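Morning, everyone. Let me put today's model on the screen.

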Amino acid sequence: MAATTEIQAPRSGRVAPEYTRHGRSRGSFEMFAWLFMRVSGLVLVVLVFGHLFVNLMVGEGVHAIDFGFVAGKWADPFWQVWDLAMLWLAMLHGTNGVRTIINDYAEKDGTRFWLKAVLYAATAVIIVLGTLVIFTFDPCPPNAAAELLPAFCPAP
Amino acid sequence: MSKTPAGTLYRGREGMWSWVGHRVTGVAIFFFLLVHVLDTALVRVSPEAYNVVINTYKNPIMAILEAGLVAAIVFHAFNGLRVILVDFWKKGPKYQAQLLWGVVGLWVVVMVPFLIRHLTLAFTGGH
Ligand code: HEM
């Protein structure tokens with residue numbers, strides 16, 4: 001029973017001085033990230049549960065989801081702001097979570113670097129794309145078949 | 001209980017398994033979210049493109065996968081609140097195991113009505 005576990009220094013970068021080998025803090029980024037996970041988690045409970053309830057439980061549930069349904073929601077600034085906040089918070093929360101997991105399991109410096117490079121690139125693409133979609137969306141696109149559009153669109 | 005864990009308080013049992021569950025569900029939700037933003041972005045291509053892709057989701061297999069996804073999100077959300085309580089509430093660490101059973105209980109309370117409604121809609125409702 002003399003097996004001892006070697007506890008390695010965290011590989012996350014900036015950590016409190018008592019947890020580093022070199023004994024000085026390299027800033028408070030990790031502390032901020034830790035706090036952000038908790039604050040964004042609290043807000044996401046409301047945003048995600050509201051999203052699931054309105055899209056899956058009300059009315060006809062999943063069956064109602066089509067272009068007209070999305071257009072009807074995003075014609076309202078309330079749902080634009082809701083979905084925008086959910087997009088940013090969930091992506092940043094999820095990205096930071098996956099960053100932690102990469103730091104935990106990828107032991108080689110090069111592997112860690114490349115996994116995180118791919119992660120950050122994917123995150124940037126998804127956040128930019130999602131934001132553009134919410135802001136440049138037209139609920140009544142010209143030349144679209146009228147029966148696919150929400151009822152409030154002017155007749156062609 | 002005589003089984004004092006050697007070396008760490010957190011190994012095995014509620015503390016460790018809830019952490020494993022939180023990690024697995026977190027990653028699964030993240031990868032789903034990447035795909036979900038992409039499929040929703042099709043509204044910017046054309047109403048037809050969006051409807052065609054969304055309609056491929058409206059079948060029993062996807063309904064089951066959606067139920068699994070919601071189950072993962074609800075667990076991650078409630079366990080996330082438990083993690084926050086463990087970190088910020090004075091008695092949190094002492095009651096971390098009981099809190100997990102609270103999470104599981106709440107998860108059942110939310111999932112049962114959700115499954116009844118979602119699976120009924122998916123298997124019988126609609127057009
Ligand atoms: C619904 C409300 C949510 C709450 C209350 C919540 C809460 C939390 C908390 C408190 C942590 C930190 C755990 C720790 O530091 O030990 C965490 C980690 C994480 N979350 Fe969430 N979260 C939520 C939604 C999401 C969503 C939508 C995603 C995906 C996009 C996600 C992905 C992750 C990942 C990947 C981790 C890292 C897990 C780990 O390090 O083991 N979470 N969550």
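First, the ground rules. This is a predicted model, so local features need pLDDT of at least 70, side-chain atom pairs count only at pLDDT 80 or more, and totals for chains, interfaces and linings use all residues. Residues are numbered from 1 along each chain as its sequence is written, chains are lettered from A and ligands numbered from 1 in written order, and side-chain values use heavy atoms, leaving out hydrogens and water.

Now the interface. On chain A, 46 residues are in contact with 39 residues of chain B; contact means heavy atoms within 4.5 Å. Together the two chains bury about 3600 Å², 74% of it on carbon and sulfur atoms. That is accessible area (1.4 Å probe) lost on being put together, summed over both parts.

What about charges? Two salt bridges are counted between chain A and chain B. The rule is a side-chain nitrogen of Lys or Arg within 4 Å of a carboxyl oxygen of Asp or Glu. R38(A) forms a salt bridge with D87(B), their closest N and O atoms 2.6 Å apart.

Next, the helix pair. α4(A) and helix α1 (residues 13-41) of chain B pack at about 35°, with axes 10 Å apart. Helices here are DSSP runs (H or I, at least four residues), numbered from the N terminus. Axes are lines fitted to C-alpha atoms over the stretch in contact, with angles from 0 to 180 degrees between N-to-C directions. Among the residues making this contact are L119(A) and I126(A), with F30(B) and L34(B) from the other helix.

Notes:
Helix = DSSP H or I, 4+ residues; strand = E, 2+ residues; numbered from the N terminus.
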